[in-house]
Amino acid sequence: MNRPRIAFTNRWMFGRGVLDESVCKDVIRCVLGIEAERIEYLNAEQVLEPAIDSRGVRMDVYAREANRVYDIEMQAGAEPLIGQRFRYYQSALDTTALAPGKDYDELPESFIIFMCAYDPFDRGIPLYTLERHCREAPDLTVDCNAHWIALNARAWDALPDGALRDLLHYTQNGSVGSDPLVRRIDRIVTEANDDRKWVSKVFYCVSTIEENDARRARILERLALKKGLEEGRTRGLEEGRTRGLEEGRAQGREEGRAEGRAEGREEGRAEGHAEGVAAAEARYGALVDRLLAERRLDDLHAITSDDGRRAELLAEFGL
């Protein structure tokens, strides 16, 4: 049976490629500009469990060298709560990196790199460097030696010629180009795809992918329904005010009494608000159901923040 080629964005393939120490060091150099020394610890699919009763963190590639640790993750599908994911991975790194009785100055410098096949923040920036700043004094940076980097493969062409541009281009569509690092990664990907035993294991190890898809779907459904409820309330209130004013005036003219105007406004406002909320919730619920049924998680993510895309999808499904 012919199986499709497993791409670099597959988490197992990504782990196999970056598990090569020279590739890992070159990826670190390419993304961070750091010349890593000999990596002392390197493991794909590293599971860190900070506490017995806590949720474990399954890291794609966890590397350690001298006084630094690196967590390099591949994000092929849209992650609706990427900030919370960064936060939880950081907590796992820090909790497991500091032995009991050790002081805070012994915490190693840490880097969490998410290589995203999509734009995680919808700003069109190829590399997002996320650091801690003081809101009241934006020039004040909290130097905690923890760095978060999100790469946006879709914006690869916004970078100047070089290794990072080629790496993101390859991540986005498999274009090899001339960069030595990308060529080395593609050789590993090709060799892995020729390893039919390994490929079979990857295709049968679908539980983690299904769990991640189900988790993202749950989150996106909650966010979409919340957005729909908020919009429904706003629309209902606006429609209620308009109807209340119109009916209040009409009733006031007919009855000539101020009580009639007040009752009309209140009744119209309540009726319009209820109808607006019900209609908006019904449309959003139907849209969420259709997107979930078709597994369109990117679009489900989009309707929580992109009003234009939400309107397009409502029109697409005739809702």
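I took contact to mean heavy atoms within 4.5 Å. With that criterion, I found that among contacts in the protein between residues at least 6 apart in sequence, 64% join residues at least 24 apart.

**Basis.** I worked from a predicted model, in which local features need pLDDT of at least 70, side-chain atom pairs count only at pLDDT 80 or more, and totals for chains, interfaces and linings use all residues. Residues are numbered from 1 along each chain as its sequence is written, and side-chain values use heavy atoms, with hydrogens and water left out.

**Overall.** I noted 10 helices and six strands in the protein; these are DSSP runs numbered from the N terminus, helices being H or I of at least four residues and strands E of at least two. Of the 319 residues, 42% are buried (under 20% relative accessible area, with exposed over 50% and partly exposed in between; 1.4 Å probe, protein chains only). I recorded an accessible surface of about 17,400 Å², 48% of which belongs to carbon and sulfur atoms (Shrake-Rupley method, 1.4 Å probe).

**H4 and H5.** I looked up how helix H4 (residues 163–173) packs with helix H5 (residues 180–194): the angle is about 30° and the axes are 10 Å apart. The axes are lines fitted to C-alpha atoms over the stretch in contact, and angles run from 0 to 180 degrees between N-to-C directions. H4 is therefore roughly parallel to H5 (under 35 degrees; over 145 is roughly antiparallel, 65 to 115 roughly perpendicular and the rest oblique). H4 contributes Asp166, Leu167 and Tyr170 to the contact, and H5 contributes Val182, Ile185, Asp186 and Val189. I counted by class five nonpolar, no polar and two charged residues in the contact of H4 with H5 (nonpolar: Ala, Val, Leu, Ile, Met, Phe, Trp, Tyr, Cys and Pro; charged: Asp, Glu, Lys and Arg; polar: the others, Gly among them).

**H10.** In helix H10 (residues 307–316), I found Arg310, Leu313 and Leu314 buried. They cover an arc of only 100° around the axis, which puts them on the same side of H10; the arc is that of the directions from the helix axis to the C-beta atoms. Just after H10, glycine 318 has a positive phi of about 65°.

Most residues other than glycine have a negative phi. I noted alanine 66 with a positive phi near 50°, in the loop between strand E2 (57–65) and strand E3 (68–75). Alanine 66 counts as partly exposed, at 41% relative accessibility. Asparagine 145 also has a positive phi, near 60°, and lies in the loop between strand E5 (127–130) and strand E6 (146–152). At 35% relative accessibility, asparagine 145 counts as partly exposed.
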